[in-house]
Amino acid sequence: MSRQYTIALAGNPNAGKTSVFNALTGARQHVGNYPGVTVEYKEGLAQHQGRTVQVVDLPGTYSLTAYSPEELVARNYLIGRRPDVVVDVVDASNLERNLYLAVQLMELGVPLVICLNMVDVAKTRGLKIDADKLSRLFGVPVVSTVARQNQGMSELLAAAVELAESKPEWHPLNISYGSDVDQGVAEVADILQGAQERHGLLSARWLAVKCLEGDQEVIERVRETPELAEKLLPVCGRVAGHIRSTMDDDPDSIIADYRYGYITGITRQVVSSEREVRMDLSDKLDQVLTHRLMGPIFLFAVLYGIYNFVFWASEVPVVWFEQFFGWLGGAVEGTLPPGVLRSLIVSGIIGGVGGVLGFAPLIAFMFFAIAIMEDSGYMARVAYIMDRVLRIFGLHGNSVMALMVGGGLSGGCAVPGVMATRTLKDPKARLATILTVPFMNCGAKLPVYSLLIAAFFAHRQAEMLFLLTLISWGLGLGAAKLLRVTLLRGEQAPFVMELPPYRAPTMKGLVIHTWERTWQYAKKAGTMILGVSVLMWAAMSFPGLPQEQDAAWQKRIDAAPSAEARLELKSNRAQDELAGTIAGRAGRSLTVLTDPLGFDWRANVALVGGFAAKEVIVSTLGVAYSLGEVDPEHSQSLSKRLAAEKGWNPLKAFALIIFVMVYAPCLATVVMIRKETGTWRWALFSVGYNTLIAYLLALAVFQGGRALGLG
Amino acid sequence: MTPEVTLRQLKPGQRAVVKKVGTGGELGRRMREMGLLPGTEIQVIGRAPLKDPVEIKLRGYNLTLRNNEADFITVEIGGEA
Ligand SMILES: Nc1nc2c(ncn2[C@@H]2O[C@H](COP(=O)(O)OP(=O)(O)OP(=O)(O)O)[C@@H](O)[C@H]2O)c(=O)[nH]1
Ligand SMILES: [Mg+2]
């Protein structure tokens with residue numbers, strides 16, 4: 001078999017790379033993550049005349065410098081893996097800016113095919129582009145395409161394979177940056193020439209240009225050879241200083257000027273504008289959708305609409321999932337004899353994973369809604385509208401979406417919320433957002449609120465929920481600000497951001513986006529969470545009651561006069577059992593800490609269990625207050641019980657609500673934070689940070705309230 | 001003489017030509033790679049509800065930047081409002 005060719009797709013964000021990728025590879029694709037960074041890559045296979053070609057979708061970048069993880073990933077892929085051909089997907093309706101990357105690819109010297117995409121959009125804007133001339137001027141094949149309609153895809157593949165078959169060498173393009181810079185580049189390149197073999201196939205000139213641009217990665221690499229660095233870096237410094245003093249500008253900005261100059265020289269020859277469009281449809285839409293009054297109203301309506309849509313659409317499938325896991329649990333219960341194994345499978349595995357996977361439909365619809373916002377171009381406007389407010393707290397306009405999804409309007413989920421921070425490019429703002437998401441009132445906290453509100457604030461239910469929403473935003477934003485002035489202190493990264501034109505999303509694109517993200521979520525639930533669910537189950541089951549006690553309970557139960565009494569005794573036994581388990585003992589020893597908050601051991605056990613998933617809090621309270629199984633959705637009996645229980649009062653309930661709102665994010669969220677930040681450090685930090693804040697707040701509420709005579 | 005002002009001072013609809021991008025570092029680099037350099041024609045499309053950030057059109061596409069970033073960009077007003 002002949003060797004398989006590899007084609008890498010590069011291009012600006014939003015130029016249509018993923019659409020080209022999907023059109024070329026169909027469903028045969030694989031999504032992964034580059035090690036250490038959260039930049040995704042996708043690989044897939046395409047067929048061309050009976051031969052299989054590997055296609056790689058690189059992250060979207062505007063440039064090939066080394067200042068963002070995306071750019072580094074793309075550049076290192078090209079240099080390290082040397083794909084046979086690079087296809088640069090270029091947005092024809094926005095040619096100048098898109099060619100900036102193309103020129104850098106040519107300067108690097110990769111074998112290039114230009115995919116002139118979105119020619120349909122260019123046409124509607126009255127732009128005529130002479131693709132043949134562009135091809136002649138650049139000396140690379142150019143193929144016109146409309147990726148979302150699969151137009152030009154086979155031609156594109158043919159051109160790429162043809163180029164690959166010619167076994168092309170790398171041919172770096174040399175463009176002039178003006179005599180001063182050119183001279184400096186030549187001087188630096190001379191020194192590098194000697195050390196050429198160390199840099200493999202990269203041209204000395206390219207490396208010289210990068211050194212003068214102050215490219216940290218390349219300079220780092222030079223430093224690895226001390227003799228070279230000793231000679232080279234002083235020369236770089238001198239040349240750069242000379243350029244700065246004669247031209248009154250940094251070398252990298254002069255180089256950029258010349259690159260754009262070179263591009264404008266070419267676009268002048270290939271693009272002709274039939275008519276000048278000053279305000280296109282997209283601009284007119286912006287006049288309305290980002291209008292001072294209409295903008296925020298529309299934004300609020302959209303977010304509100306998303307919630308209603310997501311809950312409405314997922315209601316039925318969530319019930320199916322619940323029923324399925326219920327049925328599965330029942331089936332196992334029916335086949336296995338009672339005992340540890342059955343309990344492990346039913347409560348530990350099926351209960352734990354089912355509890356998290358049960359949310360999958362809801363999360364899928366949430367991702368679907370996000371995909372619509374992203375693919376339509378509205379997401380960038382959300383950031384644009386909200387940036388001014390969020391900046392105050394050290395966050396970014398794009399943080400809004402993550403916070404909303406995480407439960408900003410009550411009822412989201414922190415897991416997709418954390419995943420939604422990927423649109424944030426500023427690393428510190430992104431980290432601060434990730435750590436803020438768990439403060440929001442996710443769907444799993446709501447049953448706890450409703451239980452306690454029904455028990456102690458029954459006459460003020462709606463107001464309480466609204467108040468809790470406000471509190472969670474206040475605390476979340478405050479916690480973000482605190483992080484941004486302490487651990488995550490630092491300049492805000494540039495906001496400068498493209499506002500892509502509004503587009504109608506395609507169903508195919510939406511489905512693929514939704515599926516990829518939902519699958520990632522499900523995979524997490526299936527692996528990590530499985531392990532920890534089993535651990536939590538063990539903590540809440542072992543050690544069981546000693547034999548003689550159990551026998552004593554059994555005797556009493558058997559001797560119970562009525563079914564009612566028997567049920568009550570069974571519940572009491574469950575409570576007794578729980579008290580003796582590891583979790584129960586932990587709950588007891590934690591009372592040292594939680595006494596000042598007013599929490600007894602039963603609340604503690606529930607909170608410990610709630611770390612696995614917040615839903616567990618209500619059901620554990622049920623067991624602890626010997627009510628047997630309590631369905632979180634129907635907890636009236638537990639409400640009544642708590643309201644009547646001595647030692648419970650509204651103040652204590654409120655302290656507990658605040659604690660539940662803020663304390664350690666659930667396991668699934670912790671795992672997702674680990675995944676999205678790349679280290680356990682931040683995941684564990686969030687557990688500690690949130691729990692500490694929760695503790696202090698609950699303490700302040702309870703003790704403060706008591707001091708005011710409320711408790 | 002046309003007056004030289006910064007991008008922050010432009011009103012929606014106004015067109016101008018960039019004279020100078022007075023910042024280096026990451027911000028300057030980012031502006032450059034987005035094609036915001038001396039000689040570039042721009043038009044202000046609008047401002048966000050709280051008057052910040054600003055949306056501009058250049059080279060046939062739309063870009064947004066914060067007012068404190070727009071301060072670094074000196075422009076010469078040209079074309080009608
Ligand atoms: N009209 C038109 N729209 C297109 C074309 N190609 C892609 N699109 C749309 O452009 C939008 C962006 O396309 P993507 O394929 O997601 O772009 P991308 O380059 O992968 O973007 P990033 O992953 O953000 O870097 C989607 O809404 C596509 O449906 C085209 O040829 N014509
Ligand atoms: Mg993409």
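Contact is taken here to mean heavy atoms within 4.5 Å. The structure is a predicted model, in which local features need pLDDT of at least 70 and side-chain atom pairs count only at pLDDT 80 or more, while totals for chains, interfaces and linings use all residues. Residues are numbered from 1 along each chain as its sequence is written, chains are lettered from A and ligands numbered from 1 in the order in which they are written, and side-chain values use heavy atoms, with hydrogens and water left out.

By that criterion, and not counting residues up to four places away in sequence, A:Phe599 touches A:Thr591, A:Thr594, A:Asn604, A:Leu607, A:Lys652, A:Ala655, A:Leu656, A:Phe659 and A:Ala698. A:Phe599 is located in the loop between α26 (582-594) and α27 (601-610) of chain A; helices (H or I, at least four residues) and strands (E, at least two) are DSSP runs, numbered from the N terminus. The residue is buried, with a relative accessible area of 2%, where buried means under 20% relative accessible area, exposed over 50% and partly exposed in between (1.4 Å probe, protein chains only). A:Phe599 and A:Lys652 are separated by 53 residues in sequence, and their C-alpha atoms lie 7.4 Å apart.

A nonpolar core is a set of buried Ala, Val, Leu, Ile, Met, Phe, Trp, Tyr and Cys residues joined through side-chain atoms within 4.5 Å. The largest such core comprises 102 residues, and A:Leu452 and A:Phe599 have the most contacts inside it. Helix α30 (residues 650-662) of chain A gives the most to this core, with 11 residues. Another core, of 64 residues, lies apart from it and includes A:Val90, A:Leu192, A:Leu202 and A:Ala229.

Two helix pairs of chain A were examined for packing. Axes are lines fitted to C-alpha atoms, for helices over the stretch in contact, and angles run from 0 to 180 degrees between N-to-C directions. Angles under 35 degrees count as roughly parallel, over 145 as roughly antiparallel, 65 to 115 as roughly perpendicular and the rest as oblique. Helices α8 (residues 204-213) and α11 (residues 251-270) of chain A pack at about 125°, with their axes 7 Å apart, and α8(A) is therefore oblique to α11(A). In this contact, A:Val209, A:Leu212 and A:Glu213 of α8(A) meet A:Pro251, A:Asp252, A:Ile255 and A:Arg259 of α11(A). Helices α1 (residues 17-25) and α6 (residues 153-165) of chain A pack at about 85°, with their axes 10 Å apart, so that they are roughly perpendicular to each other. Here A:Val20, A:Ala23 and A:Leu24 of α1(A) meet A:Met153, A:Leu156 and A:Leu157 of α6(A).

In chain B, 5 of the 5 residues of strand β4 (residues 54-58) are buried, so the strand is largely enclosed by the rest of the structure. B:Val54, B:Ile56 and B:Leu58 point one way from β4(B), whereas B:Glu55 and B:Lys57 point the other way. Two strands pair if DSSP finds at least two bridges between them. Strand β3 (residues 41-47) of chain B pairs with β4(B) in the antiparallel sense over 5 bridges, and B:Glu55 is the bridge partner of B:Gly46. The hairpin of β3(B) and β4(B) has 6 residues between the strands, with B:Lys51 at a positive phi near 70°. β4(B) also pairs in the antiparallel sense with strand β5 (residues 61-65) of chain B, over 5 bridges, and B:Leu58 stands opposite B:Tyr61. This hairpin has 2 residues between β4(B) and β5(B), and B:Arg59 in the turn has a positive phi of about 45°.
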